[in-house]
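Dear colleague,

Please read the notes on method together with the findings.

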Amino acid sequence: MNKKHTFIYRCIGLAAACCLSGLFHFRADLTGDKEYTLSDYTKNLLKGLNEDVRVIIYLDGSLDSDYLRLKKATREILDEFNGYSPKKITPVFYNPNNAGNDEKRNRQRLQLLKRGMKDEILVETDNEGRMIQKSVFPWADIIIKNDTASVCLLSDNTGKSKQERINASIEDLEYQLTDALTELTEKDFPEIAFLEGHDELPEVYVYDAVETLSRHYTVFRGSIADIDEIPPYKVLIIAGPTKKFSEKEKYLLDRYIVSGGNVLFLMGGVVVSYEDLWKKGQSASMINDVNLDDLFFRYGFRINPVLIQDLQCAYIPLKVGNDETTFHPAPWYYAPLLHPSENHPITGNMAPVKAEFVSSIDFTGNDTGIKKQLLLTSSGRSHIVSIPETITPDAPQVKETSDYFNRKNIPAAALLEGRFPSAFSNRMPPEGVKPAPKPAPGNGKIIVAASANIIRNEIQWTGNKGTALPLGYDSYMDRQFGNRDFIVNSVNYLAGKESQMLLRSKHNTLRLLDKTKINSGKKFWILINIGVPLVLVIIPVIGFQYLRKRKYGTIR
């Protein structure tokens, strides 16, 4: 075989390898954090796609390095999605600020804002020291046929630095995009229910939670007082009861939990009147006795009849003196910003959760068959208020000293899972209950949050017409908290979507450069980056010329 044939065969082999590489998807993830490895849940979801997917990413235009990193990560993960999907996933980058004139630009931005896509304002300094403001929309629309799901690409954890928020957003990309694809392709909607009959929160105050959960579930509202069987729902949500449960209702609830049911309790141990508070400026407080304490103690927890005050809290407007038109922001110590646990998929990468009139939670018993884990706690500077106590927004008795806020990390929400013992063991069924076989024991899950306010959305009134604001949005502080994520993640976990929830446990280590060393050795590193590549190119050229001259030089 001569050299000509060898060259031709090599070319043919190279071309064949290129063609085969396009038919098979393979990529080795050598990162320590497995940053580019998709979960089995995501792969199976992508393999089951029956329609092409179009993704419009509004994160485009003149971006700083952090947002460019988020944009790059979004493009890369969509490319990775394409490798597992039998259908085409087409990313399209679009800049809403790119328009021919200001009128068109404002119209495009207003359309996105009306859809709930809040922009981020970037403040940069140009070479001449002038401050420049830019509007960025870190959002994406995922479109399958005529259905669209919007995804926020930027984590709203405002307690972290910008680089940490971007890093958390990149960690959460797979979950957010997969959740939107699940919403668009899901055909089986499990049934969940909000329990009624005990003066729970009215429907208008849980409107946003119901609307959000309706994307993945069939949501009912109703009472268990008139039924004689175990509720058939995947998850029961009990939000803010203030009226006592009857023994029959407790019995049915107990049978549901013991048989493997899942319940989200959102209720405090104290009742405070909102009406008295805002009309009279103060309110009495009393124990919230709903006749469930014996069940809770049996299952392994207790909601204490106390209130948490926290130095890390929301702000409210208070009048200045007797002036009815002048207000100033004041800390509302009874509205703590609860810290999410970073060690669980429900609360990983989540912004602080705003709540009001939060009680504390204690674990009881030592049943090793029940796993218990904290989800939300107060900050490192908290205080416990015993009941009864007069509640007032203006609390002059509160002194911001270490002596007053002397408690830290008070439990406010927890997860319990396992086989729960029945609170009606060795007891006769309540009167009016039809005899029924003992339910087969099953593994159930309970999430308890010691404040109904976590699921309560604000209402914006215009005359007599009210509009429900997004859950977790504080209109006075103009800040979005993590309440919606907490509720949705809690229900998803209770409904058995653990494999999808595990996507939130991905963690990529943020490896930042030392800016002090960069500035002090700037010239050295510029020289290294420019000089070393040139030397690496010049040395082989000189060596090649020397060897060539030595081999083929003239022999005299």
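Lining the second largest pocket of this predicted model are 37 residues, and those nearest its centre are W278, I316, P317, W332 and E356. Two or more lining residues come from each of α8 (274-280), β15 (313-319), β16 (327-340), β23 (459-462) and β25 (473-474), with β15 giving the largest share, 6 residues. By class, this lining divides into 21 nonpolar, 9 polar and 7 charged residues, and the volume of the second largest pocket is about 970 Å³.

The largest pocket has a volume of about 1,500 Å³ and a lining of 49 residues, with G116, W139, C152, Q480 and R484 nearest its centre. Among the elements that each supply at least two residues to this lining are α4 (102-114), β3 (120-125), α5 (162-185) and α10 (483-494), and α5 gives the most, with 9 residues. The lining of the largest pocket holds 19 nonpolar, 13 polar and 17 charged residues.

On terms: a pocket is an open set of points on a 1 Å grid over the protein atoms alone where a 1.4 Å probe fits, with protein on both sides within 12 Å along at least five of seven lines, and lining residues have an atom within 4 Å of a point. A volume is the space filled by probe spheres set on the points, which are joined across faces, edges and corners. Helices (H or I, at least four residues) and strands (E, at least two) are DSSP runs, numbered from the N terminus. Ala, Val, Leu, Ile, Met, Phe, Trp, Tyr, Cys and Pro count as nonpolar, Asp, Glu, Lys and Arg as charged, and the others, Gly among them, as polar.

Residues are numbered from 1 along each chain as its sequence is written, and side-chain values use heavy atoms, with hydrogens and water left out. Because the model is predicted, local features need pLDDT of at least 70 and side-chain atom pairs count only at pLDDT 80 or more, while totals for chains, interfaces and linings use all residues.

Kind regards
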